[in-house]
Amino acid sequence: MFSFVLIKDNHFFNPPDYFPKPIYNFEQPPLDSNKIELGRILFYDPILSKDNTISCASCHSPFNAFAHTDHDLSHGIFDSIGNRNAPALFNLAWQKTFMWDGAINHLDMQALAPISHPSEMGSNINEVIKKLNESKAYKELFLNAFQDSTISTSKILKALSQFQLTLVSSNTKYDKVKMGKETFTEQEKNGYQLYKNNCASCHSEPFFSNYNFENNGLPIDPTLNDMGRYVITENENDKRKFKVPSLRNLSFTYPYMHDGRFMTLQEVINHYTSGIEYSETLSLQFNKSIELSSNEKVDLISFLLTLNDKDFVFNKKHQFKKIADQAKE
Amino acid sequence: MKQYVLFGMLFMTFQTHSQNAVKITFMPKFESENLTLNKVYYFKNDTLNISNFKCYISNLTYYKNDSIVHSSIKKAHLIDATDSSSFIILENEFFKFDKIRFNIGVDSLTNVSGIFEGDLDPANGMYWTWQSGYINFKLEGTSSLCHARKNKFYWHIGGYSPSFNTLRQVALKTNGKVSIQLDKLFEEIDISEEYQVMSPSDGAVQIADKLPSLFKSNQ
């Protein structure tokens, strides 16, 4: 309850009224500019990887709404290829779980996964702490952020979380229409209706995801054989279910799906109208097939494009920031 | 007069406080000996050694005549075979007790509440990075009966979800000296079958079921 009041007054985190209360607990510690800036610098610094070549941003680029577009499966250290497509990062404060299969239960703990993953950043948190401790500039940044220059796991993770929590996408045309500042074209209006009829049960407003696990009928890629949520729960009912991704910023986040199998929205829509593969865990919504004329497909896409948030994607406050060179020694 | 009595009493409690603060010792053992890492043990028809042993003790509560007299303020305590000071839990207070109750592992609320410092710092190597969750109990080494590469076995026992819950409670009548009889585990587990448990799974749950029996009071 209290956190809600705090957040509302907070100038780093100011979601619109129609966004529900965040799931992330902002009380310990509350957002502040020093921690956010430290998190931002860490996010862009390859010091987090074993051979100092890869940063979080190597796979989560600000210009792609913090997704990754030049390869379907994200490149990692030593060019070994991870098994999954890097998701876009925004509105993380409202997510219950992280990763395509929900393997991570808290935003603070997420960064441990890429840092420790042999094919992502190939390091471990103790190595990272050691390297950061050798940098005068970092010691100073930690001191400013936490009033204590001892670099620890929890400070690194909290700073990374704070930066990522400020990645809020809430300034799309859809949002402006919602706030009465703009209006949809006829085509977009029609697309909105088609979205409501066919997509909204999973890609629900205002995040355009309910963040639940669903099977949207993608045929299994036999080279990966990725069973999604089942990998974590070993529950048969979870086979082939993946966390529903947001539909915000789709123009920036291609390729699509957990394995990046589709390059265009056209392909995605065609999947929903004619590519759904039946399996035991297929989400019930697809018991009835989705039928869209070619005009309707165009309308639906024109609505989806109103979910692009250029203010978010080109926000300078989220972009590359380097640790002050002169202080680095 | 009254004041003097009060002063005297204060003095006495202060004395007992500093001298007799309650402590519990959890001593990792192999048969009758204190555990030595990397030492070769001949046990039944096995030749084995233990290279790593860590385990969490949490929610430690003290009882006298079956009522609670104290609850440890420390959320979770990490026992680490490489650091004998970690075998002792100190309460900074004096009280009488005849029984303790504690959990082996970290409770589910802590598991879903983000990052902590100290004993719960993931840098201690007791946290799974690719899938959120603490490892409650970790034992690694080699065994001649284990057919894995270099005869290595890895028992990383954790999991907090209802389907793979590995937190286990122990109640012990004790005066404060507890041993953790690691040999008992090699009696209970067929190491030729179960030599690699490294995720929340049925295998982890089965091993977790055996953990309470390792804890013995050493009166």
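β10(B) pairs in the parallel sense with strand β13 (residues 196-197) of chain B over two bridges; strands pair if DSSP finds at least two bridges between them. Strands (E, at least two residues) and helices (H or I, at least four) are DSSP runs numbered from the N terminus. This is a predicted model in which local features need pLDDT of at least 70 and side-chain atom pairs count only at pLDDT 80 or more, while totals for chains, interfaces and linings use all residues. Residues are numbered from 1 along each chain as its sequence is written, chains are lettered from A and ligands numbered from 1 in the order in which they are written, and side-chain values use heavy atoms, with hydrogens and water left out.

In β13(B), Q196(B) is the bridge partner of Y154(B). β10(B) also runs antiparallel to strand β9 (residues 135-143) of chain B, joined by seven bridges. There I157(B) of β10(B) is the bridge partner of F137(B). Five of the seven residues of β10(B) (residues 152-158) are buried, so the strand is largely enclosed by the rest of the structure. Buried means under 20% relative accessible area, exposed over 50% and partly exposed in between (1.4 Å probe, protein chains only).

In chain A, helix α7 (residues 136-146) has the buried residues A137(A), Y138(A), F142(A), A145(A) and F146(A). Seen down the axis of α7(A), these fall within an arc of 140°, so they line one face of the helix; the arc is that of the directions from the helix axis to the C-beta atoms. K136(A) and E140(A), on the other side of α7(A), are exposed. Q147(A) follows the helix with a positive phi, near 55°.

Voids were found on a 1 Å grid over the protein atoms alone: a cavity is a set of points where a 1.4 Å probe fits but cannot get out, a pocket is an open set with protein on both sides within 12 Å along at least five of seven lines, and lining residues have an atom within 4 Å of a point. Grid points are joined across faces, edges and corners, and a volume is the space filled by probe spheres set on the points.

| Largest cavity | about 120 Å³ | L218(A), D226(A), F242(A), H258(A), R261(A) |

α2(A) gives four residues, the largest share of the pocket lining.
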